[in-house]
Amino acid sequence: MEAELNGSTGLSISGLSKHYGSFRALDAIDLAIGAGEFMTLLGPSGSGKTTLLMTIAGFTRPTKGHIRIAGRDLAAVPPHKRNFGMVFQHYSLFPHLNVAENVAYPLRMRRMSRTDTEQRVAHALDLVQLRHLSDQRVGNLSGGQKQRIALARAIVFEPDVLLMDEPLSALDKNLREQMQFEIRSLHDRLGITTVYVTHDQREALTMSDRIAVINHGRIAQLGTPTDLYNRPADSFVAEFLGESTLLPIERSGVDYTLSGQPLRHDHSAPDARYLMVRPEKLEFWEPGLEPTHNRFNGTIEQKVFQGDSLQIRIRLASGQQIVMRRPARRTVLDRIGEGGAEIALALHSDDTVLVPDGAA
Amino acid sequence: MLQGNATDTQITHLQRLWLYILCGLILIYLVFPIFIVVPLSFSDSRFMRFPPKDWSLRWYINFLTSPEWRAAIWVSLRAAVYTTLLATPLGVAAAWGLARSRLPAARALVLAVISPLIVPVIITAIGLFYLYARLNLVHTMTGIVLAHTCLAIPFVFVTVSSALSHFDIGYERAARSLGASQLRAFMTVTLPQISPAVMSGALFAFFTSLDEVVISSIISGGENTTLTKKMFSGLRDELDPTIAAVSSFLIGISLVILLLAVLMSKGRNDD
Amino acid sequence: MTAQSDTAPAGNAVPDDNTRQLAAAGRGETFRHFALTFPALLLIVVLVFGPVGWLFWLSLIEDGQFSLAHYQRMWTAAYFEIFSQTFRISLLVTGLAILVGYPLAYLMSQLPRRIAGLMMICVLLPFWTSLLVRTYAWMVLLQRRGLINHALIGTGVIERPLALVNNLTGTVIGMLHIMLPFMILPLFASLRTIDLTYMRSASNLGASPIRAYWTVFFPLSLPGVFAGAILVFVLCLGVYVTPALLGGGKVVMVSMKIQQNAALYFDWGAASSLGVILLAITVVLFWLLSRLTRIETMFGGG
């Protein structure tokens with residue numbers, strides 16, 4: 001999906017910094033989130049992604065910088081006046097209220113009439129298909145149900161922006177994947193601008209319109225999932241998103257070589273230090289691939305059967321190790337030799353990605 | 001059954017029998033003296049003979065018809081109620097304010113709030129006497145309530161602070177994200193959940209005021225004599241058996257408070 | 001620096017620096033939190049710090065001039081005797097509180113919740129009973145014709161009644177009764193956190209139950225004992241009511257002397273200097289207690 005920057009309920013962050021003494025939790029962040037966009041803040045723990053979300057929400061006061069929505073600067077606006085819906089990692093459903101009362105809470109704060117409240121609450125619970133739990137006490141619910149109630153509560157008052165702080169990390173894997181789908185569907189249905197924080201790169205790739213990879217308080221790269229996966233801006237992003245092997249390369253004049261072998265690549269890459277290879281992009285060498293592919297020779301060190309795919313570790317002639325992944329199909333299995341066998345690999349120039357050092 | 005194992009280390013109940021007996025004696029030491037007063041209050045004699053030879057209600061009648069004793073009960077109860085009403089909100093506000101504060105001086109302020117517990121009572125008492133003498137607060141209800149409130153606030157503060165430290169701030173954040181100001185978030189989300197601790201603190205405040213002897217003996221008097229002052233002088237000067245009746249009355253109040261305290265902690269465990 | 005493969009940053013071309021406004025808003029919020037503490041603090045500063053500070057000042061003034069004479073007068077045999085007696089009694093009561101309180105706290109910590117709860121009620125009852133009622137009860141029990149002497153003579157253990165009250169003995173018995181809950185409650189809480197798997201390991205490694213207790217459980221329980229002991233000791237130092245009523249005039253503790261100096265002799269210099277000394281000792285001990293309980297939470301692994 002393309003991000004639409006028409007600005008009406010998009011969020012605009014400029015020069016945002018948060019310093020704790022000499023430690024920079026956020027370092028001059030600039031980010032424009034389009035109206036209705038699903039933006040994910042992705043990064044390892046301590047990267048600043050949660051700090052950024054909390055600053056957007058208003059719970060953390062920035063040291064400097066601006067957050068604007070529809071032209072309005074939020075610096076002086078306290079959290080309860082920002083009209084942002086928020087879903088937390090541990091749901092934070094109020095234990096002393098039942099499900100309907102929890103969902104009605106924001107409407108109560110806005111002094112909505114009883115009938116309107118009941119209507120809205122019913123509608124919100126319908127959206128998450130949990131209307132039948134209206135009178136339940138919160139303690140009796142499962143993790144997935146709690147998260148959906150938390151969602152209902154966060155959208156019942158039609159907020160301008162939805163903020164989500166690693167909402168699925170407390171759930172088990174199967175439930176997580178289902179909830180990813182449901183959250184994304186809800187987003188599409190409501191068209192609400194969403195900022196989603198996670199450390200799970202797979203989750204980010206699945207759900208987002210665009211991803212901002214955050215490291216050390218800065219945005220390492222901002223782009224669509226495809227962009228980030230196929231064209232990582234540096235070694236940090238390359239390693240954080242998906243599997244990769246990073247092979248150090250040398251510069252020779254305008255071009256790059258891998259242990260002396262010149263590399264065919266399609267994109268300019270100033271200051272590149274590594275060749276990034278995604279395991280699934282490597283193919284077996286066939287005659288006739290010279291014009292388009294790079295060739296690497298090596299010996300098979302180890303084959304690991306991983307159910308749907310085969311992971312093959314290869315020692316290159318230059319001494320470096322590279323990982324290849326092929327689907328576990330008959331044609332592949334028959335073709336692969338045993339450990340110690342020689343093998344020739346092919347990498348399309350389009351997949352030959354050179355990246356600078358990301359100092360992860 | 002005595003041969004059965006008492007602990008994981010396989011010591012038997014029989015081997016630990018001496019411990020059970022010792023603890024039984026200690027429990028008796030703790031509880032028995034309190035109840036000894038009750039039968040005494042029904043004795044007909046002027047002397048504290050035990051067991052009493054004749055029984056009567058004369059000391060209760062004495063207690064309940066004496067204008068001074070009744071005035072004293074009334075003063076003490078009023079003081080305790082006012083103290084509770086004043087100390088509880090002050091203590092809760094201080095506990096929450098300091099729990100959410102990011103002031104570096106917060107630790108020092110916590111010590112300041114707790115200080116009435118640390119300063120020996122007699123010192124506070126004579127200091128207050130001098131201060132009150134200047135402010136014309138000696139022998140006034142205002143003076144008594146203010147002094148008792150100072151003593152009670154630390155109890156409320158400690159009880160509520162402890163509950164707040166176990167309370168997940170996420171709930172307040174959630175409430176604020178949903179449109180509640182910090183104060184409304186506290187009132188609608190935090191307070192309902194820490195209410196057992198607040199009630200417990202209030203109970204402490206009430207009892208602290210009711211049972212306060214030293215300061216009350218020095219700054220209360222005249223029309224505003226507390227029950228404790230009257231009892232203390234009575235015990236020091238002459239052993240009027242009416243005091244036995246007063247004591248039984250106070251034990252009754254203690255039992256009620258104890259019952260409330262037990263009920264509240266059970267309520268907490270059930271949540 | 002932000003690396004982007006996407007559009008240029010939105011917002012002003014020249015970002016303005018709003019550091020000052022944000023910092024000011026932050027200070028405003030901090031102030032509002034402090035304001036909540038203010039009423040309680042005001043009351044305590046005026047009614048506790050004020051008078052104590054004034055007493056401190058008073059102890060340094062004689063005849064309108066700065067002087068240490070009041071403190072010098074503390075340096076006499078009479079006052080030494082008072083301090084000595086106060087310390088001795090406090091140590092004695094603290095020691096007894098440990099000896100009597102530990103077994104009960106231990107048993108309570110090892111028993112199932114329900115039985116421990118019932119025992120706890122027996123500890124809480126004196127705690128919630130008026131100090132005067134408890135002291136009066138001891139006056140009744142310990143007198144010459146009181147229940148204890150009555151029982152002892154009746155069973156033939158002694159012939160003539162013992163002098164159990166209006167002396168040191170009565171004071172100690174009474175004080176112990178008051179102080180026991182202050183030893184038992186924190187000690188119980190602390191003992192409950194001791195992980196019993198240690199005892200199981202000791203057993204598994206060959207220790208008899210008694211050795212397992214002395215070599216594993218007992219050392220782990222010591223921080224809790226020290227904490228309770230310091231608390232009881234400090235409380236004993238400042239105690240007033242019980243020795244005044246049960247001591248019969250033969251027991252004079254520091255707090256009683258302070259009261260005497262102030263109310264009887266109107267010797268504010270002596271009262272205040274004595275008070276300052278007592279306060280100083282108390283503060284030091286509480287500071288020690290605060291260090292110990294922090295260390296305790298480190299060890300207790302709680």
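**Exercise 1. The make-up of chain B**

Task: Determine how many helices and how many strands chain B has in this predicted model, and decide from the radius of gyration whether chain B is a compact globule or more spread out than one.

Solution. Begin with the elements: chain B has eleven helices and zero strands, and read from the N terminus on, the elements accordingly run α-α-α-α-α-α-α-α-α-α-α. Next, compare the radius of gyration of chain B, which is 23 Å, with the 18 Å that the globule rule gives for 271 residues; the value is well over the rule, so chain B is more spread out than a compact globule. The box that the C-alpha atoms of chain B fill, taken along the principal axes, is roughly 70 × 70 × 30 Å. Finally, turn to packing: 48% of the 271 residues of chain B count as buried, and among the contacts in chain B with a separation of 6 or more, 69% are accounted for by residues 24 or more positions apart.

**Exercise 2. Where chain B touches chain C**

Task: Work out how many residues of each chain take part in the contact between chain B and chain C, and find which element gives the most to the side of chain B.

Solution. The count comes to 71 residues of chain B in contact with 70 residues of chain C. On the side of chain B, the elements that give two or more residues are α1 (17-41), α3 (67-100), α4 (106-118), α5 (121-135), α6 (141-165), α10 (227-237) and α11 (242-270) of chain B. Of these, α1(B) gives the most, with twelve residues. Sorted by class, the side of chain B that touches chain C holds 52 nonpolar, 13 polar and six charged residues. As for confidence in the complex, the predictor gives an ipTM of 0.86 and a pTM of 0.85.

**Exercise 3. Two domains in chain C**

Solution. The contact between them takes five residues of domain 1 of chain C and seven residues of domain 2 of chain C.

**Exercise 4. Confidence and burial in chain C**

Task: Identify in which helix of chain C confidence is lowest and in which it is highest, then examine how many residues of helix α11 of chain C are buried.

Solution. For chain C as a whole the mean pLDDT is 85, with 92% of the residues reaching 70 or more. Confidence in chain C is lowest in helix α12 (residues 268-300), at a mean of 78, and highest in helix α3 (residues 77-110), at 93. The pLDDT stays under 50 over residues 1-13 of chain C, for which the model has 31 contacts beyond four places in sequence; it is also below 50 over residues 296-302 of chain C, a stretch with eleven contacts in the model beyond near neighbours in sequence. Helix α11 (residues 254-264) of chain C is mostly covered, with eight of its eleven residues buried, among them Val254(C), Met256(C), Lys257(C) and Ile258(C). Just after α11(C), Phe266(C) takes a positive phi of about 50 degrees.

**Exercise 5. Domains and a covered helix in chain A**

Task: Describe how chain A is divided, and find what covers the buried residues of α4(A).

Solution. Chain A has a mean pLDDT of 90, and 98% of its residues reach 70 or more, although over residues 1-8 of chain A the pLDDT is below 50. Chain A is divided into domain 1 (11-236) and domain 2 (237-355), whose centres, taken over C-alpha atoms, are separated by 38 Å. Twelve residues from domain 1 of chain A and eleven residues from domain 2 of chain A take part in the contact. The side of domain 1 of chain A divides into seven nonpolar, three polar and two charged residues.

Now take helix α4 (residues 143-155) of chain A, whose 13 residues reach 19 Å from the first C-alpha to the last, close to the 18 Å expected at 1.5 Å a residue. Ten of the 13 residues of α4(A) are buried, including Lys146(A), Arg148(A), Ile149(A) and Leu151(A). What covers the buried residues of α4(A) includes β6 (84-87), α2 (99-109), α3 (114-127), β7 (161-165) and α5 (173-190) of chain A.

Methods:
Residues numbered from 1 in each chain as written. Chains lettered and ligands numbered in written order. Predicted model: local features only at pLDDT ≥ 70, side-chain atom pairs only at ≥ 80, totals over all residues. pLDDT = per-residue confidence, 0-100. Helix = DSSP H or I, 4+ residues; strand = E, 2+ residues; numbered from the N terminus. Nonpolar A, V, L, I, M, F, W, Y, C, P; charged D, E, K, R; others polar. Buried ≥ 20, exposed ≤ 12 C-beta atoms within 10 Å, placed from the backbone. Expected span 1.5 Å × (residues − 1). Rg over C-alpha atoms; globule rule 2.2 N^0.38 Å. Domains from an automatic or database assignment.
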